[in-house]
Amino acid sequence: MLWSSRRFGESLSSAYARIGRSPGLFIVLALAGFCIAWSGNTLATAGTPSSDDSPPVGDLVEGGDENEDEDAASRGYEFLMNRALLPSDFDQRVFDELWRSWPEPLRSQAAKVSIGERRAMAFERYGLTPRVDESTPAPLATERGDDPGKPLQYVVDEHGNWTMNCFSCHGGSVYGRPYPGAPNNRFALQTLTEEVRSTKFRLGLPLGRMELGSLVIPLGTTHGTTNAVVFGMGLMNYRDDQLNLVQRAPASLTHHDMDAPPWWHFYRRPYIYIDGFAEKGHRGLMQFTLVPENDASFYRQYEDAFRDVYAYLSSVRPPKYPHAIDPDLAEQGQHLFETTCAECHGTYGHDSDEESIAAYPNRMVPIDEIGTDPVRHSALTVAGREHYARSWFANAGEPDEQTTITDPAGYVAPPLDGVWASAPYFHNGSVPTLWHVLNQSQRPTVWRRVSDSIDESKVGLTIESVKRVPLEEPDVALRRSYFDTRRFGKSASGHDYPDSLDEQEKIALLEYLKTL
């Protein structure tokens with residue numbers, strides 16, 4: 001233990017040395033590599049994934065040659081899947097030893113099975129999913145004794161080094177089916193990082209940026225949500241307008257958890273983030289790479305690659321609802337939607353991407369009107385947005401300089417494409433089903449997911465509602481599976497517009513939402 005403690009001290013010293021012994025800078029940069037949630041709320045294309053890891057691709061909206069667009073989207077997907085842009089988080093040896101840090105009786109269960117089964121158990125525990133060409137879900141892989149292979153959420157190189165990629169947050173599953181672009185509503189980043197730290201201590205290995213930084217900055221208090229906005233704010237604080245690393249006083253940070261948006265909204269939105277402050281562009285997608293190892297030249301070097309990433313995100317479309325839909329009831333719901341909801345969320349069922357984009361209003365709803373949790377709105381400061389507006393990310397000083405909204409009035413109503421597949425709802429992930437979105441008074445105070453299956457009657461996660469989080473539960477992963485809407489930044493209040501509808505109208509509207 002003394003040797004491990006010394007290695008911990010050496011890790012701290014090494015990290016301080018690399019960044020000039022600035023404690024504030026160290027705390028934030030130690031957490032770099034976390035994928036910033038940049039889109040609205042979206043998923044991926046319907047259809048069967050191909051055997052080469054490539055998800056189904058929709059029509060791109062940029063014009064030009066369709067084959068060139070598809071090639072760019074394919075390159076963008078492969079780039080995210082296979083190119084590590086950050087220092088690695090851990091290696092295969094560490095991952096295969098994680099089970100020894102698990103609580104009983106899980107540890108004893110893992111000790112009795114094959115290494116492939118243990119890997120599948122780890123995928124299940126941490127919210128990892130197989131890649132789309134290795135599509136055996138982790139629970140089924142455990143049952144069969146299969147090895148789930150490489151995860152969608154990490155680049156794993158030929159040496160067995162694991163490096164987080166953007167799919168960590170934006171590549172989950174749709175009710176048990178791995179789906180690139182879907183929000184990862186099971187990602188257990190805090191739990192994974194703590195158990196990696198414990199495993200590295202036991203193996204006598206130096207700690208990395210995530211294990212060190214998470215001692216100071218929380219990564220996420222509930223599985224499926226993360227403290228991503230804070231990382232983006234902190235990392236930008238230590239860059240000048242041209243992205244050179246600079247020394248500054250630590251930024252004041254308001255920690256709060258966010259639900260990762262799906263990527264299938266990206267093609268419709270002219271601005272990104274829940275507050276819609278940043279104009280969409282390929283450069284803005286590079287923010288998550290702001291680790292000290294990547295200097296300003298990195299961004300010019302990889303700019304073309306992120307043009308391809310932009311093409312990939314623009315190609316992502318949601319899956320189709322797989323269960324029965326009552327067409328007559330859905331038609332009634334469509335009429336209600338277009339008269340009560342479309343003003344904010346737009347209209348659907350258009351023949352082309354151009355029509356779909358034109359039909360989305362990108363409406364900013366004042367925070368006092370929408371009434372959802374206000375922490376995210378106040379956490380990102382005007383000064384922080386102004387810094388982004390002056391930066392290379394926003395094309396500042398160039399002919400195509402973007403327009404940045406530095407003091408947004410509230411939140412932007414997202415598109416609702418694939419809304420059935422992107423539970424839980426609201427920007428903080430506080431509402432488990434669409435039925436609860438439509439019935440504000442019935443929203444649970446404390447709830448947890450109990451199955452990967454869809455709740456077909458309420459359209460969303462299958463949950464149980466409880467009185468409190470069982471703090472006496474020894475397994476921290478189980479405790480973090482509960483969502484407590486009374487905690488800071490986790491309120492499920494607001495969006496009370498459906499209160500004007502009667503019960504039958506809500507049933508019809510719910511049926512229509514399945515078709516989007």
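**Charges over rings**

I began with K280, which lies over the face of F266, 4.7 Å from the ring centre. The model I am reading is a predicted one. Next I looked up K490. K490 lies over the face of F483, and here the distance to the ring centre is 4.3 Å.

**The sheet around F483**

I followed F483 into its strand. W447 stands opposite F483 in β14. Strand β12 covers residues 446–455 and is joined to β14 by three bridges; the two run antiparallel. I then traced the whole sheet. It is open, has three strands in the order β13-β12-β14, and pairs antiparallel. Which strands stand at the edges? I found β13 (460–466) and β14 (482–484) there. Each has a single partner strand, so one side of each is left without a neighbour in the sheet. From one strand to the next, the twist averages 40°.

**Ring pairs**

I turned to the aromatic pairs. The structure holds 28 of them. One is Y154 with W162, a tilted pair with 5.6 Å from centre to centre and 50° between the planes. Are Y154 and W162 buried or exposed? I noted both as buried.

I also checked F337 and Y512. Their ring centres are 5.4 Å apart and their planes are at 55°, so I logged the pair as tilted. F337 sits in helix α14 (residues 327–340) and Y512 in helix α22 (residues 503–513), so this pair ties together parts 175 residues apart in sequence. F337 and Y512 are both buried.

**A cluster**

Last, I looked for rings linked into a group. Ring pairs link a cluster that includes F79, Y273, F277, Y388 and W392.

Technical notes:
Residues are numbered from 1 along each chain as its sequence is written. This is a predicted model: local features need pLDDT of at least 70, side-chain atom pairs count only at pLDDT 80 or more; totals for chains, interfaces and linings use all residues. Side-chain values use heavy atoms; hydrogens and water are left out. Rings of Phe, Tyr and Trp (its six-membered ring) pair if their centres lie within 6.5 Å; planes under 30 degrees apart count as stacked, over 60 as edge-to-face and the rest as tilted. Buried means under 20% relative accessible area, exposed over 50%, partly exposed in between (1.4 Å probe, protein chains only). Helices (H or I, at least four residues) and strands (E, at least two) are DSSP runs, numbered from the N terminus. A charge sits over a ring if NZ of Lys or CZ of Arg is within 6 Å of the ring centre and within 35 degrees of the ring normal. Two strands pair if DSSP finds at least two bridges between them. Axes are lines fitted to C-alpha atoms, for helices over the stretch in contact, and angles run from 0 to 180 degrees between N-to-C directions.
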